[in-house]
Amino acid sequence: MLCAISGESPQQPVASRKSGNVFEKRLIEAYISENGTDPVNGEELTTDDLIELKQARAVKPRPPTLTSIPALLSTFQNEWDAIILETFQLKQQLAETRQELSTALYYNDSAQRVISRLQKERDDARDALSRVTVSGTNGTNGTHGDAMQVDEVGLSESVLARIEATQQKLSATRRKRPVPPEWATGDTIATYEVKETIESSFTGAKSLAVDFSGDFFLCGDSDGGMGIYDLKNGSFSTKSNLGAGAVLDGTWVRDKTAVATSSGAVVVALEGSAEQKWHQHAGAATAVAAHPCGDILASVGVDKSYVLYDVQSGSVLTQVYTDSELTTVTFHPDGHLLALGTSSSSIKLFDVKTSQIAHTFPAAANAPISSLSFSENGIWLASAHDGQTRVTIWDLRKLSQLTSLEIGTAVSGIAWDYTGQYLAACGAGAVVVSAYDKKAKAWSEPLRKAVNAVDVQWGANAQSLVALTIEGAVDVLRA
């Protein structure tokens, strides 16, 4: 009998009940204390599972070569020579490894220097590109050529008058505006379930935009297609392809739709047919937003600029450059402020009339801004960051962070309702509604539903929530 571990004849043989193999008792006990399993088949094994075997004790004779002192000395000399040779080989291998490591570190240092130089050149080129933009097609007159825009142009008196009139009209009634009697309550929202799921075939859709009535929802696809979902009829009323690249964002300008595309084009369409197209951005146009007056459109892009357009005349009003790539944009409900989300995690507030920066909110997380939404109360701004699970709410009066809401999933879309009571947020794991109680000055969570959504918007009178799913379908949540 031979030990299954050492391969030698055991002095105290024992057998395993689990595998039936024979082991040296001291070896198998040491193995069990360390691993707790049978070394042959891996099954759980304890010392109680060992069976002692009886055998006649045999004394091993010494090898003939080790029966004298000269023989022992010769054996020791051979062992010493083998150790010296092995040590010499190890020293040679160590020297070769050190040489290889030194060469690898030299190549790594050279690569790091090249990468640093290329990154600096890239940043310099991007900065130069953000300051001088060559446009291929001018939305004002549709001509082609090498027109350059170096500095932003101030807004005309007529445009400033429209912005000022809109601000005065909306701000005068904002605080006194009552909650409509037909508006959904927190108890009603708590009962919302997914009642309808409509396949859109827009598997690359990233954003959802609702019109003023709350009945029509715009979404676009990565292949340039766009569609308008009719909430009342429960179907898509319009589907078309604008041929301007992937649709990255969209909004409504009165009864028209406007989209930002990966080619840098900003397209305004009516019932799926393109009416106006601008190419002001050097690179992708990442987001668009409509001014409350209804005929001014804003777009932002990776070229670090935002552009204002006059939809009525089809002209470019101004182009203003910043120091960061811009990821999202939204107008204040009164129209006098423009909030820009950046890839550097900060939020920039611009005065629309002067095109000057009014304030910069610092980064609440180390990730690009993915979504911005002003509350209709006019004093709160909600923001979300890529891959982050919290929604930050900023106070425009104190110019500081008001609170931070934990959503429990990476937030990709947020939307306030018209009354400013409810904030909807969505992500890959859920659609969540947070409610603010003015009397208690506390937040609650009336709704949380497991819907894998990339964006969410409120339906008319907050009687429904419309979510755009990761698969490109439209889910309607209602009581």
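1. Strand S24 (residues 380-385) and strand S25 (residues 390-395) pair in the antiparallel sense, over five bridges. Strands here are DSSP runs of E with at least two residues, numbered from the N terminus, and two strands pair if DSSP finds at least two bridges between them. Tryptophan 380 has aspartate 395 in S25 as its bridge partner.

2. This is a predicted model, in which local features need pLDDT of at least 70 and side-chain atom pairs count only at pLDDT 80 or more, while totals for chains, interfaces and linings use all residues. Residues are numbered from 1 along each chain as its sequence is written, and side-chain values use heavy atoms, with hydrogens and water left out.

3. S24 and S25 belong to an open sheet of four strands, ordered S23-S24-S25-S26, with antiparallel pairing. Its edge strands, S23 (369-374) and S26 (400-406), each pair on one side only. From one strand to the next the twist averages 25° (axes are lines fitted to C-alpha atoms, and angles run from 0 to 180 degrees between N-to-C directions).

4. How many disulfides are there? The count is zero, a disulfide being a pair of cysteine sulfur atoms within 2.5 Å. For cysteine 426, the nearest cysteine sulfur is that of cysteine 219, 13 Å away.

5. Cysteine 426 is buried, at 0% relative accessible area. Cysteine 293 also counts as buried, because its relative accessibility is 13% (buried means under 20%, exposed over 50%, partly exposed in between, with a 1.4 Å probe and protein chains only).

6. Isoleucine 69 lies in helix H2 (residues 69-131), a helix being a DSSP run of H or I with at least four residues. Isoleucine 69 counts as exposed, at 62% relative accessibility.
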